[in-house]
Amino acid sequence: MGKRKIWQDVSISIFAFLLVCSLVFFTGTLAQAGPKVVKIGNIIPLSGPSASVGVQGKNVREMAVEEINNAGGIKSLGGAKLKMIYVDSKSDPTVGVTAAERLINTNKVHILTGCWNSAVTYPTTQVAERYGIPFIVPVSVRDTITERGFKYTFRVAAKDSWWTRDQILFLRDMEKEFNVKVKTLALVYENGDWGTGFAAGWKKLAKKYGYQVVLDEPYPSTASDLAPVVMKMKKANADVIMLVSNAADAILLTNTMVEFKVNAKAIIASGGGHADPKFLENCKKNADYIFDEVEWETDVGKPGAKETNEKFNKRYGYNLTGESVDAYASMYVIADALERAGSLDPKKLRDAFAATKLDSGPAMIISYDSIEFDKDGQNKNAGIVIVQIRELNGKMDRISVWPKGARRAGYTPVFPMPAR
Amino acid sequence: MDLILQATVNGILMGSIYGLTALGLTLIFGVIKVINFAHGSLLMVGMYTAYWLILLTGINPYLALIIVVPLLFFFGYYMQEIVIKPVFKAERDVREPITVIIVTTGVWYVLDNLSLILFGAEYRVVKTGLSGKTFLLGELIVSAPKFYGFVATIVTAVLLYLFLKKTRMGKAIIATSFDRDAASLMGINQYRIYNIAFGIGTATAGVAGCVLIPFYYVFPTVGVIFDIRCFIIVVLGGLGSIHGAVLGGIIIGVIESVFAQFMASTWTEGIIYAIFILILFIKPSGLFGARQDW
């Protein structure tokens with residue numbers, strides 16, 4: 001009896017083993033027959049101080065990838081679908097680096113994107129470079145990200161030196177247009193990589209164009225109280241206040257500035273927290289007259305822009321921002337490169353990215369005409385728009401004002417802004 | 001000169017609110033002898049409760065206290081009862097229940113991520129009648145919500161003090177904080193006392209939530225911003241000391257506000273920590289800490 005039982009057990013387990021083997025073999029062949037999958041690892045801040053922009057980046061990526069996949073995926077790869085893997089960077093460089101290592105080694109991703117925070121992108125792209133995995137940077141503006149001679153890093157957004165250059169050019173144009181003289185600047189910026197990078201640019205330009213910097217104030221983005229900073233702004237009494245803020249501090253600064261009646265001829269912000277759709281919702285009238293610098297605005301006159309924005313707004317309940325448009329376009333840059341490479345070999349893929357000249361398709365909702373990378377992987381054509389926040393018909397609106405060619409028809413910017 | 005005055009006034013007001021956020025932490029530590037790492041999250045819960053209540057009903061933020069405070073009390077009471085007590089019982093024989101600290105860290109992560117799932121990562125601001133209101137005293141600008149926050153802090157601290165000193169329950173709490181075994185022998189149910197202390201601590205986080213909402217924003221990890229400050233304040237003022245927490249908060253607030261007028265505000269953070277370390281060197285029990293044997 002005992003012996004028979006053992007034999008029974010053994011035969012059952014052998015049978016089961018064979019069954020599992022055949023199943024694995026069978027499903028294996030099935031999977032091979034189906035379309036390939038292109039794995040894209042995305043390292044973005046999904047919690048912590050930059051979470052709201054991170055979530056917007058995730059949403060817009062989802063929408064673009066869904067469009068690409070629904071349109072038949074990557075045809076040269078047999079209709080391969082894009083598969084997104086998201087990792088939360090918590091805006092922390094060390095978390096970003098570990099995430100990149102894990103995505104490359106464990107998830108075997110073919111392409112990486114991210115990381116919004118320049119401080120995270122900088123070391124993370126280095127990991128990708130070491131492994132030779134193409135890294136697409138939709139938005140992280142620190143100059144040096146594409147100044148290290150890396151072969152696998154490609155940035156769609158403009159560099160931050162271009163941003164500061166355009167802010168000052170804008171200011172000079174405004175002075176001329178309205179015949180108002182600006183002498184002094186107050187520089188108030190978050191003390192991270194991004195803010196300090198901007199400040200360095202402003203200081204250089206201020207010297208060049210003869211503006212006097214009367215306040216140079218880096219502040220921690222996670223400060224619980226910004227009233228001390230605002231008091232200094234009030235005391236400095238500069239003609240123009242230049243700001244770089246993340247999401248939460250942009251709200252707190254703007255509201256506190258109104259409370260303390262800080263006056264200036266103009267307040268010029270640098271996107272980021274000021275471009276976050278939640279900013280206007282939270283500050284409302286307090287944000288009136290602020291100039292903000294972005295790469296894109298909903299009133300941009302490009303075909304498809306309005307429709308794409310409406311689709312996005314319907315899905316997620318808020319408008320696209322310059323940064324989301326960069327992320328959106330980046331997905332099409334990826335699809336375009338994959339299509340031309342016809343291979344998932346990282347080297348071929350890299351060469352395809354380097355040869356990008358994307359000037360048609362849904363990505364062309366961007367404010368300029370084509371996406372091309374220079375030898376360091378920087379998008380040569382990335383353009384910048386300056387908008388003014390105004391209350392129009394009882395609603396807060398962002399109106400393109402500069403360059404003059406992009407100015408919304410019939411709108412005259414308010415400069416200097418009225419006293420509070 | 002008036003700038004310094006302005007900065008000092010702002011520092012005192014904001015600092016008192018820091019003190020308010022730290023009250024619960026100091027109370028819970030004083031009684032249970034456990035550092036509650038979830039304190040910032042409880043503050044976040046308080047802020048969200050106040051936020052939704054004000055947004056949905058349009059109630060005055062200080063009237064909202066009537067609802068938020070009991071709600072948060074029961075939240076804290078049952079959190080201690082259901083989540084922390086079992087661990088406590090398992091660690092009954094240990095003088096400093098380390099596992100409980102780890103549990104509070106777990107609670108912190110669970111609460112923060114729950115709110116991230118429920119409410120999303122975005123920053124939320126609710127406009128109340130008070131938002132952006134200021135009093136003008138000559139050249140001096142005083143933010144109305146911060147001023148009311150100052151008043152609320154003083155009232156909360158005084159009430160808490162009277163409760164602990166004058167009521168039977170308060171005395172039982174203090175007895176337990178002195179020696180939980182002896183208190184148990186005297187017929188005090190220490191676990192019930194813990195529940196109540198945790199409840200009161202959470203309720204003060206609710207007060208802080210209502211006070212902050214008119215001028216601050218709320219998001220799932222907002223607690224972290226105040227958390228570290230709370231720890232510093234509590235150590236500075238003396239662990240377990242109520243007036244110590246309020247004064248500690250004011251000291252931190254004034255340093256932050258006034259020092260920022262002479263240097264980049266990035267520095268003030270560093271200075272606060274330097275002072276913190278200095279206090280630990282010179283007077284480890286804090287400015288107003290009782291000489292306890294722990």
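Reply: Helix α11 of chain A is mostly covered, since 18 of its 20 residues are buried. Here a residue is called buried if 20 or more other C-beta atoms lie within 10 Å of its own, exposed if 12 or fewer do, and partly exposed in between, with the C-beta atoms placed from the backbone. Helices (H or I, at least four residues) and strands (E, at least two) are DSSP runs, numbered from the N terminus. Please keep in mind that this is a predicted model, in which local features need pLDDT of at least 70 and side-chain atom pairs count only at pLDDT 80 or more, while totals for chains, interfaces and linings use all residues. Residues are numbered from 1 along each chain as its sequence is written, and chains are lettered from A and ligands numbered from 1 in the order in which they are written.

The helix α11(A) runs over residues 322-341, and from its first C-alpha to its last it reaches 28 Å, close to the 28 Å expected; that expected span is 1.5 Å times one less than the number of residues. After α11(A) comes A:G342, whose phi is positive, near 60°.

A residue elsewhere in the chain leads back to this part. A:W296 sits in the loop between β10 (291-294) and α10 (305-316) of chain A, and it is buried, with 29 other C-beta atoms within 10 Å. Leaving aside neighbours within four places in sequence, A:W296 is in contact with A:G322, A:V325, A:I366, A:S367 and A:V385, where contact means that the C-beta atoms of two residues, placed from the backbone, lie within 7 Å. From A:G201, by comparison, A:W296 is 95 residues apart in sequence and 22 Å apart in space, C-alpha to C-alpha.

A:W116, in the loop between β3 and α4 of chain A, has a positive phi near 70° although it is a residue other than glycine, and it counts as buried with 27 C-beta neighbours inside 10 Å. In the loop between β3 (111-114) and α4 (118-131) you also find A:C115, which is joined to A:G114 by a cis peptide bond with omega of about -5°. A:K90 is another residue other than glycine with a positive phi, near 55°; its place is in the loop between β2 (81-88) and α3 (93-105) of chain A, and it is buried, with 21 other C-beta atoms within 10 Å. Further along, the peptide bond from A:F415 to A:P416 is cis, with omega near -5°, and A:P416 belongs to the segment after β14 (395-402).

Now turn to the partner chain. In all, 31 residues of chain A are in contact with 29 residues of chain B. On the side of chain A that touches chain B, at least two residues each come from α2 (51-70), β7 (212-219), α7 (227-236), α8 (247-259) and α9 (277-283), and α8(A) gives the largest share, seven residues. By class, that side has 17 nonpolar, eight polar and six charged residues, counting Ala, Val, Leu, Ile, Met, Phe, Trp, Tyr, Cys and Pro as nonpolar, Asp, Glu, Lys and Arg as charged, and the others, Gly among them, as polar.

Chain B itself is built from 11 helices and two strands. Its radius of gyration is 19 Å, close to the 19 Å that the globule rule gives for 294 residues, so chain B is as compact as a globular protein of that length; the radius is taken over C-alpha atoms, and the rule is 2.2 Å times the number of residues to the power 0.38. Buried residues make up 52% of the 294 residues in chain B.

The axes of α1 (residues 2-32) and α10 (residues 242-259) of chain B come within 6 Å and cross at roughly 145°; axes are lines fitted to C-alpha atoms, for helices over the stretch in contact, and angles run from 0 to 180 degrees between N-to-C directions. By class, the contact of α1(B) with α10(B) has 15 nonpolar, 11 polar and one charged residues.
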